[in-house]
Amino acid sequence: EIPTEQWAQVVEKTGGPAVYKKIPVQKPGPDEVLINVKFSGVCHTDLHAMMGDWPLDVKLPLVGGHEGAGVVVAKGELVKDIELGDHAGIKWLNGSCLACSFCMQADEPLCSHALLSGYTVDGSFQQYAIAKAAHVARIPKELDLEAVAPVLCAGITVYKGLKESGARPGQWVAIVGAGGGLGNMAIQYAKAMGLNVVAIDGGAEKGEACKALGSQAYVDFTATSDLVADVKAATPEGLGPHAVLLLAVQEKPFQQATEYVRSRGSVICIGLPAKAYLKAPVFDTVVRMITIKGSYVGNRQDTQEAIDFYARGLIKAPFKTIGLSQLQDVYEMMHENKIVGRYVVDTSK
Ligand code: 8ID
Ligand code: ZN
Ligand code: ZN
């Protein structure tokens, strides 16, 4: 009952567009599973991949997508711990060697042999997608596949970033790009972890969404005349947030964050704007003991924890669903920063 052909969105050249067409269904290798993807979230990374924004080679032609939630329909002979019919998720880390010193210590995103869904291997913008069994997210059957899809990248990534920040319950975190896909999730995870949130993004609509999700304050970067002062003023005693999560797809906020982070605070870089550089005054970084670090998706344990937060009803980030055939429209809205929250594509349409 697995068809030989399926609908997919295929990027044939750098710059796009994504083309909706029929392609063959692949067979899983011995350590792989074939997932009938029902829903997939659209991450800004998928747009970066199509546009060739990063100094990392991308597969062409490419089927993008790395927030794919669906049902296991075939598996290789080595796969013992997943059954046909189980619900599973395709995430950014499609596979890793499991044997290098990074994999041995659960830092598998750092594996030099990592396979990346929708980047170095085909991802979830197709009806049937393949991943290494060891790496697919295990999704409990009672969860809604449509709503859980954005957890598979956005959720895992912001949850890991918040853990990496070291911020503790009761402390304050600034979320830069809070109105976008990762940002909306970050507000929800931060709240669930007992943190107070200052949301930063542009426009009134994103501000209302951030407040509705539970952020205590909203700073509109397009409207303020002094962003640094506004962010500090939103926190107790005006000392600034204990941590900053940088999710924006623009260089400027990466240069600004050390100006408003609290002394001894941490700046966590997650967004990946093209050709961007970090800049911070050495003097302030030293005498205010500021930590600046990167955070990159999450490992298998982070994945299951992020899904567990969702399963406990703590994560209710808004999303809009559209047919897989409409993916290029989503990319156009994303390019203009018009999306509040996440778009999810339904692979049946
Ligand atoms: O593991 C990782 N590090 C990881 C995982 C997943 C995604 C990194 N990412 C990267 C993506 O590749 C992308 O570069 O995180 C970034 C954000 O992904 P997204 O949340 O999927 O993008 P989005 O929905 O377009 O949201 C971006 C938001 O940033 C705002 C925009 O208005 C939008 O709401 N923004 C921008 I652009 N400039 C801003 C600024 N100066 C800003 N918000 C505040 N200040
Ligand atoms: Zn992503
Ligand atoms: Zn490895």
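The legends below describe close-up views of a predicted model.

View 1. Helix α10 spans residues 300-311 and contains 12 residues. From the first C-alpha to the last it reaches 16 Å, close to the 16 Å expected at 1.5 Å a residue. Buried within α10 are Thr303, Ala306, Ile307 and Tyr310. Because these residues cover an arc of only 95 degrees around the axis, they lie on the same side of α10. An α-helix has 3.6 residues a turn, so residues three or four places apart point the same way. Gln301 and Asp308 are exposed, and they are carried by the face of α10 turned away from its buried side.

**View 2. The surroundings of α10.** The buried residues of α10 pack against β10 (137-139), α3 (145-148) and α4 (154-165). After the helix comes Gly313, which has a positive phi, near 80 degrees.

**View 3. The open sheet β2-β1-β4.** In this open sheet, 3 strands are arranged in the order β2-β1-β4, with antiparallel pairing. β2 (18-24) and β4 (62-63) stand at the edges with a single partner strand each, so one side of each has no neighbour in the sheet. Between β1 (residues 5-11) and β2, the antiparallel pairing extends over 7 bridges. Ala8 stands opposite Lys21 of β2.

**View 4. Strand β5 and its pairing with β3 and β6.** Strands β3 (residues 32-42) and β5 (residues 68-75) run antiparallel and are joined by 7 bridges. Leu34 has Ala74 of β5 as its bridge partner. β5 is also joined to strand β6 (residues 87-90) by 4 bridges, and these two strands run antiparallel. Here the bridge partner of Ala69 is Gly89 in β6.

**View 5. The shell around ligand 1.** Ligand 1 is surrounded by 32 residues, of which the closest are His44, Gly177, Gly180, Leu182 and Ala248. At least two residues of the shell come from each of α1 (44-51), α5 (181-192), β12 (196-201) and α8 (252-260). Sorted by class, the shell comprises 16 nonpolar, 14 polar and 2 charged residues.

**View 6. Helix α8 and its covering elements.** α8 (252-260) supplies at least two residues of the shell around ligand 1. The buried residues of this helix are Pro253, Phe254, Gln256, Ala257, Thr258 and Tyr260. Among the elements that cover the buried residues of α8 are the strands β11 (172-176), β14 (243-246) and β15 (266-269). The helices α7 (227-233) and α9 (282-287) also belong to this cover.

Technical notes: Residues are numbered from 1 along each chain as its sequence is written. Chains are lettered from A and ligands numbered from 1 in the order in which they are written. This is a predicted model: local features need pLDDT of at least 70, side-chain atom pairs count only at pLDDT 80 or more; totals for chains, interfaces and linings use all residues. The expected span of a helix is 1.5 Å times one less than its number of residues. A residue is buried if 20 or more other C-beta atoms lie within 10 Å of its own, exposed if 12 or fewer, and partly exposed in between; C-beta atoms are placed from the backbone. The arc is that of the directions from the helix axis to the C-beta atoms. Two residues are in contact if their C-beta atoms, placed from the backbone, lie within 7 Å. Two strands pair if DSSP finds at least two bridges between them. A residue is near a molecule or strand if its C-beta atom, placed from the backbone, lies within 6 Å of it. Ala, Val, Leu, Ile, Met, Phe, Trp, Tyr, Cys and Pro count as nonpolar, Asp, Glu, Lys and Arg as charged, and the others, Gly among them, as polar.
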